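Okay, thanks for coming, everyone.

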Amino acid sequence: MSIDTREFTLDDLRRILLEAAGADEAVDLDGEILDVQFEVLGYESLALLETGSRIEREFGVALDDDLLSEVDTPRALIEAVNRHFTAA
Amino acid sequence: MTTPVVVTGIGIAAPNGLGTADYWAATRAGKSGIGRVTRFDPASYPSTLAGEVPGFVAEDHLPSRLIPQTDRMTRLALVAADWALKDAGLDPKDLPEYDMGVVTASSSGGFEFGQNELEKLWGQGSQFVSAYQSFAWFYAVNSGQISIRNGMKGPSGVIVSDEAGGIDAVAHGRRLIRKGTPVIVTGSVDASICPWGWVAQQAAGRMSTSDEPGRAFLPFDTEASGYVPGEGGAILIMESAESAQARGARVYGEIAGYGATFDPRPGSDREPGLRKAIELALADAGARPEDVDVVFADAAGVPELDRVEAEALCAVFGVCGVPVTAPKTMTGRLYSGAAPLDIATALLAIEEGLIPPTVNVNADESLGLDLVGPQPRTARVRTALVVARGYGGFNSAVVVRAVD
């Protein structure tokens, strides 16, 4: 078992998205957003770049450069970050 | 084509007033916004005074999406642009997106944002630098953010010529309207009251080191000892007179004439370029010197520069030939935000028939200026000249005229 038992959750992502890029007024981040595309949530590539960089810093992971352009929903991003923990 | 171009909306963020009503109430009453710097501790710097915009809470005016990606100057500019559009009675959503453009000036960009990110780069490492550093510090950022927020896809740009830039931007906006873009958002808001901005300005050696708010910035005074910097400015909505008339818009006045020159090289015995810039602006407006009711001076607060300005004004208007005022004695020098604020103030002076005061100054009589003193002066104001100079030799002048 890895010494790192941390898990990256939807709450973590919500908090980091808000810190990194705020929230679109028309979007309820507290709602069912797991499968809503980031674009629909109002986050463009730069907002995701900033979000990714904050996740890397806080959770001590190194995300692949292409990852952030490939994952297009919160669920996909959360799963991708958590794969780093299980792989460790 | 020389279509008349008019101003139909004003948005102001100034050290002595947030919003046009607050600013004008303070300015006509001679109320200054200069005080000790609060945005950082200035104790270890030679200069400790500034004009800071009071009571601005960005979160009260802007969506959270914009906060992490904007410097203070951009937040102020976005809100001033919102106010100017509202004042003009324009909702950008109602207009074709290519019919609206944005031209602002900038003198330093978003220095405070940039400083924070450079501190992170130096202290924590590159992975701590915000992705928004890629544009948030940049000269063109206010034009970009205003155009994105309002869906304005017409011609856009930024002019960088220090304090003269505010006039140059308005003049470029006028050009774009004459080329066919119906609405241009222009003017400028600058803000760099942070240690990085402070030392950058300190390096030029023109900042006052007085710590007395009422004695630090004394343009045209025998005791002039430099300027006090400030933050803020004004955003203006410009349209062709025709389109303003067609939609029944309130018209503040016309941007009637513009001239810009560059000074000869330092040490040259040729005349500085300011007089020529003023003459070009008057000629462009089809105005004679005696038509001008008031001059809003650049008012550098540096004796040598004050003398150059006084000589230029005396050469054009005669000794004490025109009332001269410098309401920026109440705000400090706002870099590229100064001239748009002076243009807005000139338009308000036209509207009210009142020349705002120049505070704290005992004019050096040898300069030959009819400097408006600490009291405002009632006057029929139909035509005003606004003058601005930028560090490094930029001279710009604009004639603002009442529309019947």
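One term before we start: when I say contact, I mean heavy atoms within 4.5 Å. By that rule, among contacts in chain A between residues at least 6 apart in sequence, 62% join residues at least 24 apart.

Some housekeeping. This is a predicted model, so local features need pLDDT of at least 70 and side-chain atom pairs count only at pLDDT 80 or more, while totals for chains, interfaces and linings use all residues. Residues are numbered from 1 along each chain as its sequence is written, chains are lettered from A and ligands numbered from 1 in the order in which they are written, and side-chain values use heavy atoms, with hydrogens and water left out.

You'll see five helices and zero strands; helices are DSSP runs of H or I with at least four residues, strands are E runs of at least two, and both are numbered from the N terminus.

Now the cores. A nonpolar core here is a set of buried Ala, Val, Leu, Ile, Met, Phe, Trp, Tyr and Cys residues joined through side-chain atoms within 4.5 Å. The largest has 45 residues, and B:V7, B:I10, B:I12, B:I255 and B:I343 touch the most other members. Helix α11 of chain B, residues 338-352, gives the most to this core, with ten residues. There's a second, separate core of 32 residues, including A:L41, A:L48, A:V61 and B:Y132.

Two aspartates to finish. B:D298 is in the loop between β10 and α10 of chain B, and it counts as buried because its relative accessibility is 2%. Beyond four places in sequence, its contacts include B:K328 and B:R333.

And A:D24, buried or partly exposed? Partly exposed, with a relative accessible area of 29%. A:D24 is found in the loop between α1 and α2 of chain A. Leaving out residues up to four places away in sequence, A:D24 touches A:L41, A:G42 and B:R65.

Definitions and conventions
Buried < 20%, exposed > 50% of the residue type's maximum accessible area, 1.4 Å probe, protein only.
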